[in-house]
Every structure is written in structure tokens, then in C-alpha cells.
Amino acid sequence: MRFVFFIDHLSTWVGKTFAWAILILTLVVSYEVFMRYAMRAPTTWAYDTSYMLYGTLFMMSGAYALAHNAHVRADVVSRYFPTRVQAGLELALYLLFFYPGIFALLFYGWDFFAISYRQNEHSSYTPGGPPIWPYKFVIPACAALLALQGVAEVTRCVMCLMHGKWPRRLGDVEEIAIPINKEAEIKAAQEQSGEPRQ
């Protein structure tokens, strides 16, 4: 679990670090709106900056979301399966779909970045646009972080198959049903014991 939590903490640190991009993005867009409509002097750099910041934020927070089990899941049926069946199903999905997709993103993303770097590619959206190859490096970097976080998730599946229960996660994101169920259990226990409700 120490190794799994190390990966979780790394993904969390990267996600929280890149979350500051949303503040910078907000300032850039606000400045552009002010300059465009109040000063009648739109900037030439705000558009490139805003899509690069948004794309970087979106890509670099993927491992964070995976570490905290915060991705949207279609588990309407699988949540009712026994725990070991859930773990086996998740393990199969990681091996059959997640890792082939992530390795393709890593391989082709690196190629995409390398071509851009060799050409010293610049943005074509604005005259004298900024270099775009650093932005394209985000693709393989994101894939590498997701692959690493995937190791932690696969390890969790294997541990669940071995022990019959899901290992602990970092406590940053909690499914809404968990506190509601806990509260209902406390109320039911109080009613059974005759204690007054709080």
C-alpha cells in the first residue's frame, strides 16, 4: 500500500499544481474581455494562452481524477456485483481497454510532440504565435502519469481479488451515497435502541 499511496500522492500533487492554471486562465480571459470591450484593443496572445492553459489543465488532472476515483463511471449494474467480481471486471477492463489506449496516447503523443519540436512549430492562430511544441509535450506527459496511476489501480484490483475488499483510497473525493447511507444507519440504530434523535 505504501507504493500505491506514493503514486496517489504524486498524481494528487500534479493535479493540484496544475489546478492553478484555472486561476491564470480566468485572469487571462478577464484581461482579454476588458481590453477588447472596454479599451477597444484586443490582445494577440490571449486566445493561444487560453486554449493552451485549458488543455493543460484538462490533461494533467486526469491522473488526479483516477487516483480519487472521480471519473464518471457507468457502474449502474456492476455496483451490485460481489466485491471480487467488481475487482475482476475492473482488472479486465484496465488490461483490455485502459492500457492499450494509454500506450497509444503515449506513443503517438510523443511522436506528435517530437515532430512539432523538430519543426519548432508555432501557433498559426495569431500572427507571430507562440511556440506550440511545449503544449504538445503535455500529451505524452499526461499519458505517462495515467499509466503510472493505472499501476496503482491494477494493484488495488489484485489486492481486492486476494482479500475480498477494496483497499483504502486517499480521502479527497467520496461518493455521495456513502455519507447518506452512514447517516441512515445511525438513525436506524438510534430508533432500535430507543435513543432520542439528534
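Guide: What follows looks at the cysteines, and then turns to a part of the surface. This is a predicted model, in which local features need pLDDT of at least 70 and side-chain atom pairs count only at pLDDT 80 or more, while totals for chains, interfaces and linings use all residues. Residues are numbered from 1 along each chain as its sequence is written, and side-chain values use heavy atoms, with hydrogens and water left out.

A disulfide is a covalent bond between the sulfur atoms of two cysteines. Here it is counted when a pair of cysteine sulfur atoms lies within 2.5 Å, and a search of the whole structure finds 0 of them. For Cys142 the closest cysteine sulfur belongs to Cys157 and is 20 Å away, which is too far for a bond. Cys160 is in no disulfide either, since its nearest cysteine sulfur, that of Cys157, is 7.4 Å away.

Cys142 is buried, with a relative accessible area of 4%, and Cys160 is buried at 0%; buried means under 20% relative accessible area, exposed over 50%, and partly exposed in between, using a 1.4 Å probe and protein chains only.

On the surface, by contrast, Arg2 counts as exposed because its relative accessibility is 76%. Phe81, with a relative accessible area of 33%, is partly exposed. Arg2 and Tyr99 are 97 residues apart in sequence, and their C-alpha atoms are 23 Å apart in space.
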